[in-house]
Amino acid sequence: MRVLFALFLIAFLPAVAQAELRVDMTKGVVEPLPIAITPFYVESGNQNFGKDMPSVISVNLENSGLFKPVNPRAFVQTIESLNTAGPNFGEWRASGAQALVTGTVKAAGDGRTRVEFFLYDVFSQQKMLGIAYTTTPKNWRRIAHIISDEIYKRLTGEDSYFDSRIVYVAESGPWNKRIKRLAIMDQDGANHKYLTSGRSLVLTPRFSPTRQQITYMSYESGKPTVYLYDISTGRHEPLGRFPGMTFAPRFSPDGKSVIMSMARNGNTDIYVMPLGSRTPKRITNSSSIDTAPSYSPDGRQIVFESDRGGSQQLYTMDSNGDNVQRITFGKGRYANPVWSPRGDLIAFTRMYKGKFYIGVIRPDGKGERLISNAYHVEGPTWSPNGRVLSYFKERPAGKNRQAKIYTVDITGYNERWLRTPVDGSDPAWSPLNR
Amino acid sequence: MAVSVTGIKDNMVASQNAALVETAATASASMKGAFIKSGILHALIVAASLIGIPFLAKEEPLLITPVSIELVDIAELTQTTKVAPPKKQEKPKEIEKPQKPEPPPKPVEAAPKVVSESPPKLEEIKPEPIVEAKKEKPKPKPKPQEKPKEKPKPKPEVQKPKEDAFDSLLKNLAPDAESQKPQEKTLDETLEDVLEDTSSGQIARLSDQLTISELDAFRYQLEPCWNVPAGAKYAENLAVEIRVSMNRDGSVNKSSVLDKGRYNRDSAFRAAADSALRALRNPRCSPLNLPPEKYQQWKSIVINFDPRNML
């Protein structure tokens, strides 16, 4: 009956149409937004800033895969004219740009520099943003990252990630005598610095979400032990003296405790260690191997890997260990789950038929997508806004064996090699530097 | 011994053969009659089929061929490229695949410096919003969004997210992915759509209505200019309704977001709405191909930019 009714309505639809036409757009494209980033007009102060800052902004936005900087050769209006007369939107539209970034730099008089930037919507001819920053000139690179963040936020509506850093394991030397050191750099690879000497093996560094601290696993004391590293002082110390091996550490979202695995009497369970009391509390209690825990951003849940069901799969549980739910049921093995800071996805490594994949899944176990694969790809880490994943890939043993760090957009496109001075593995993204 | 056995066998075979011949003889006698009967009957049937049997002839029953009707979204099926190819667009985009070519992995930044220090403290960098900076030209004053002439129909904001989708813009390398099944509209959804579309309004003459092909051509032309917020958080909830006031030449006169409230408080929605507005202003997709004689029908359009089916 209802079928007939529907047919009846459809048949007579044209005769009873509405006054205003309604159209549903259900298809579109995903392509980078063309954006013109002009040189900044330098009124006074360091002339290089006029070129260098837009260049950093341009690289940031292009690397995100969401923007396509317009070739400056297509620019018609000069920066002098921009500075005095404002944008000639017709000319910018002709260059193919949909958004326009302009800026001015001047010495503030007290040794500091004032940087102003504007973001325009070329089609609607409207100003979308106008922000000024005053800081010491040596911070120019950070200012460029912060400006990139503002542009990204305004145009995507999401939080950004450019003013952030990545800590990773820098690898050098022959493969049978590999030297592994902790190193840190800006998310674009600049300001690279080694943190540990390389005398002892280090693995799985993780950034604190709230402070300049890193937790990692090291063989410094002879057996695998979780350490804490303070970036501002360079001091590092074992998290505690444990009866068994400790590994796979990660901070809680408030930065006040570390969750990790401890192997005791041949059984591995998950423990939480408050950084204040340093008294570990056991969270799981099963005869299987429970490891690789990661908190949800609200701290209420934990995702971890376990072989309690026979094969190695991902599970979620409440932060006190209750309400355990299996979330993966695919073939092969799942490992290294990490909850997105955005909360909507969990990234993981999956091993299936001799191949490694990086994938994402919703916390309820639905919508699994595998977005990168290689002979060996592992260790996903989220950008602070949950939009980009970083991980490392290894080529098989042989002449070309190497380990490199990559980034990819969570749509699965725009995979890029993040260049490091030596081989790199185990990247860990910091929160935003503020 | 062997010979005598053979002899007995031979005798048996011979007597069997004799019996068979006898049977065949009686059979052939009775079969003759059957052949004749059969021949007559066959001849009758052939004759009847050739000549026809008038008293048996009835009017041929009217054949009712079953017509199967499937309710689907027409836009999924129609190919309208021939009807109205977009004017200014050189390469029609493949919608099924995301446009972003996978670029070879590139170095993010060359020559990293080995000098590093902690990021400067927040106090050192104070952002000041430039509301009306002294250098600022008054010309491009941000205009407040035009008010829609009519009050937007109250519509539920949150759309039902679809579990699986087709036309996905998200990559999936899954070797055992079985989940990506196309979802057809249920009857209830179709009914809802129809009822929604036929909401109260003036009745226009049939000939004044835009045809489905014309609407499809319009959509097809706008598609390559709409940049979908594919990777955004809960992008399935980012459908944006825009009221567009059109010029007679097919260019956009005014466009405004219906849900102003959400535009002002939800940054992700605002970005999605801005993206939809840019699609309408993009010179690549302007002017839009709409039949000038039906201008009264399309001078005001509400376009619903809905990314659900592409995630």
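Author: In this predicted model, α2(A) passes α5(A) in a right-handed crossing. The helices in question are α2, residues 49-63 of chain A, and α5, residues 140-156 of chain A; their axes lie 9 Å apart and meet at an angle of about 45°. That angle makes α2(A) oblique to α5(A). On the α2(A) side the contact is made by Phe49(A), Asp52(A), Met53(A), Val56(A), Ile57(A), Asn60(A) and Leu61(A). From α5(A) come Trp140(A), Arg141(A), Ile143(A), Ala144(A), His145(A), Ile147(A), Ser148(A), Ile151(A) and Tyr152(A). Sorted by class, the residues in this contact are eleven nonpolar, three polar and two charged.

On confidence, chain A has a mean pLDDT of 90, with 96% of its residues at 70 or more. Within the chain, confidence is lowest in helix α1(A), residues 2-12, where the mean is 52, and highest in strand β21(A), residues 313-318, at 96. Over residues 12-18 of chain A the pLDDT falls below 50, although this stretch has 16 contacts in the model beyond near neighbours in sequence. Where pLDDT is low, the predicted coordinates should not be read in detail.

Next, the strands of chain A. β6(A), residues 113-121, and β7(A), residues 126-135, pair in the antiparallel sense over nine bridges. Arg114(A) has Thr134(A) of β7(A) as its bridge partner. The hairpin of these strands has four residues between them, and Gln125(A) takes a positive phi near 60° there. Asn323(A) also has a positive phi, about 55°, although Asn323(A) is not a glycine; this residue lies in the loop between β21 and β22 (325-326) of chain A.

An open, antiparallel sheet of four strands in chain A has the order β11-β12-β13-β14. Its edges are β11 (202-207) and β14 (236-238) of chain A; each has a single partner strand, so one side of each is left without a neighbour in the sheet. From one strand to the next the twist averages 25°. β11(A) is joined to β12(A), residues 213-218, by four bridges, and the two run antiparallel. Phe207(A) stands opposite Ile214(A) of β12(A).

Another open sheet draws on both chains: its four strands follow the order β1(A)-β4(B)-β2(B)-β3(B), with mixed pairing. Here β1 (21-25) of chain A and β3 (252-257) of chain B stand at the edges with a single partner strand each, so one side of each has no neighbour in the sheet. The twist averages 25° from one strand to the next. Inside this sheet, β2(B), residues 240-246, and β4(B), residues 300-305, pair antiparallel over six bridges, and Arg243(B) has Val302(B) of β4(B) as its bridge partner. Helix α6(B), residues 267-281, packs on the sheet and touches β2, β3 and β4 of chain B; its direction makes about 30° with that of β2(B).

One peptide bond in chain B deserves a note. The bond from Ser286(B) to Pro287(B) is cis, with omega near -5°, and Pro287(B) lies in the loop between α6 and α7 (295-298) of chain B. Most residues other than glycine have a negative phi, and most peptide bonds are trans.

Definitions and conventions:
Residues numbered from 1 in each chain as written. Chains lettered and ligands numbered in written order. Predicted model: local features only at pLDDT ≥ 70, side-chain atom pairs only at ≥ 80, totals over all residues. Axes fitted to C-alpha atoms, helices over the stretch in contact; angles between N-to-C directions. Parallel < 35°, antiparallel > 145°, perpendicular 65-115°, else oblique. Left-handed = near helix turned anticlockwise from the far one by under 90°. Contact = placed C-beta atoms within 7 Å. Nonpolar A, V, L, I, M, F, W, Y, C, P; charged D, E, K, R; others polar. pLDDT = per-residue confidence, 0-100. Pairing = 2+ DSSP bridges.
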